[in-house]
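Please read the following briefing alongside the structure.

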Amino acid sequence: MSVILNKVDAKLVFGKVPNNFGRFLGADEYLVVNDEIINDDEKMNLMSLSIPGGCEFDAVSCKTYAKVFAENDYYGKKTIVVFRYLSDVMTCVDLGVKIDTLNCAGIYAEEKENPTAYEKALVLTPSEVEDLRKLHQSGVHLIYQPTVQEPVIEVKDLLKF
């Protein structure tokens, strides 16, 4: 098993994740991490339909993902992990999940108060900036790359830390 991509994406695994990153990286498993999505049957069904044939798909709570991570209990050999929100990442890290690199291109305004747009798909509140700073300081490599065709931008450069 190998996690080939950790990504925050409020749009989950619709569109760019399976059709761009997944195909380019050769993913054979998609794992969505969010405590609420697992109870949304409609979104779960739609996500499963967006996954390419022959690939595994599951959505799990943060607590369950921490267990999957600790036990290295993935189905695929090339897994893409999609955290719905930055708060899911922070919860998982607090539960012991280690993340080497995190693609942050998928954090949107979504009813936030006082957000700042740093890029089209990187819209953050002050507390989210602080969360990213904490991740950066703990050694997580934070990148912004909406598609594999676009260049990687260092989040630390965008946020000036």
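Helices (H or I, at least four residues) and strands (E, at least two) are DSSP runs, numbered from the N terminus. This is a predicted model, in which local features need pLDDT of at least 70 and side-chain atom pairs count only at pLDDT 80 or more, while totals for chains, interfaces and linings use all residues. Residues are numbered from 1 along each chain as its sequence is written, and side-chain values use heavy atoms, with hydrogens and water left out.

**Helix α5**

- The residues E128, V129, D131, L132 and L135 of α5 are buried (buried means under 20% relative accessible area, exposed over 50%, partly exposed in between, with a 1.4 Å probe and protein chains only).
- They lie on the same side of α5, because they cover an arc of only 160 degrees around the axis; the arc is that of the directions from the helix axis to the C-beta atoms.
- On the face of α5 turned away from its buried side are the exposed residues P126 and Q137.
- The cover over the buried residues of α5 includes α4 (86–94), β5 (101–103), β6 (116–119), β7 (122–124), β8 (141–144) and α6 (155–159).
- After α5 comes G139, with a positive phi near 105 degrees.

**A buried lysine**

- K7 belongs to strand β1 (residues 3–8) and counts as buried because its relative accessibility is 1%.
- Leaving aside neighbours within four places in sequence, the contacts of K7 (heavy atoms within 4.5 Å) are V17, F21, V81, V82, F83, L102, N103, A105 and G106.

**Exposed leucine**

- L49 is located in helix α2 (residues 41–50).
- With 70% relative accessibility, L49 counts as exposed.

- Most residues other than glycine have a negative phi.
- E110, which is not a glycine, has a positive phi of about 25 degrees. E110 sits in the loop between β5 and β6 and is partly exposed, with a relative accessible area of 42%.
- K160, also not a glycine, has a positive phi of about 65 degrees. K160 sits in the segment after α6 and is exposed, with a relative accessible area of 71%.
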